[in-house]
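Here is a short briefing on one protein chain. Please keep the structure in view while reading.

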Amino acid sequence: MYRGLCGAGVAIMTTQETLIKLFDDGMPMLVHAVQAVPEDKLDWKPAEGSRTIRQVFTEAVMMPAYAAQTLIMRGVPPYEDMAAEYAALSVTELIDRLPANAQAYYTAIQDFPEAEYENKLEAPWGVWTYFQTMTYPYWNMMWHAGQINYIQTLYGDLVFHY
């Protein structure tokens, strides 16, 4: 039922293999985008109430670890404690943490039984399936890589960093 991406000459990948490949391919885009940001722009807000590059990058780095815990626990762990821990890290520390978070995510999705993909999860943001939870770290990372690149245009950097 769940089969991943395939193309000419490429074997069909499992859902887990597809998610790992997508996430692995996306991580350098996120990292390159944030590395192109000058230090004085990391905490710049383009508008009142908006988020900074540091904030969106922090969430994107944290999300694979958070999703891994959700899949392992079969429930939503407290978000605030993990978010506070990550908010205290520098961009360099966040970049250093990303590979371990990705590995935790990879292990959690590889170990998660396909028979439970459609089981529902009650979360503060709504009712999701575990499959949606498995796909969220990649979606979130790419969303935030795009946001970082867009915020860069607002302060005059018109190069797409990927």
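The points below cover fold, packing, surface and one backbone detail.

This is a predicted model. The chain has five helices and two strands. Its 17 Å radius of gyration agrees with that of a compact globule.

**Fold order**
- Starting at the N terminus, the elements run α-α-α-α-β-β-α.

**Size and packing**
- A compact globule of 162 residues would have a radius of gyration near 15 Å, and the chain has 17 Å, which agrees.
- Along the principal axes, the C-alpha atoms fill a box of roughly 50 × 40 × 25 Å.
- Of the 162 residues, 44% are buried.
- Take the contacts with a separation of 6 or more: 65% of them join residues 24 or more positions apart.

**Surface and charge**
- The accessible surface is about 8,700 Å².
- Carbon and sulfur atoms hold 58% of that surface.
- The chain carries 9 positive and 19 negative charges.
- The mean positions of the positive and negative charges lie 3 Å apart.

**A backbone detail: R74**
- R74 sits in the loop between α2 (53-73) and α3 (79-87).
- R74 is not a glycine, yet its phi is positive, at about 60°.
- Is R74 buried, partly exposed or exposed?
- R74 counts as partly exposed, because its relative accessibility is 36%, and partly exposed covers the range between under 20% (buried) and over 50% (exposed).

Conventions
Residues are numbered from 1 along each chain as its sequence is written. This is a predicted model: local features need pLDDT of at least 70, side-chain atom pairs count only at pLDDT 80 or more; totals for chains, interfaces and linings use all residues. Side-chain values use heavy atoms; hydrogens and water are left out. Helices (H or I, at least four residues) and strands (E, at least two) are DSSP runs, numbered from the N terminus. The radius of gyration is taken over C-alpha atoms; the globule rule is 2.2 Å times the number of residues to the power 0.38. Buried means under 20% relative accessible area, exposed over 50%, partly exposed in between (1.4 Å probe, protein chains only). Contact means heavy atoms within 4.5 Å. Accessible areas come from the Shrake-Rupley method with a 1.4 Å probe; for residues, only the protein chains shown count as cover. Lys and Arg count as positive and Asp and Glu as negative; His and the chain ends are not counted. The place of a charge is taken as NZ of Lys, CZ of Arg, CG of Asp or CD of Glu.
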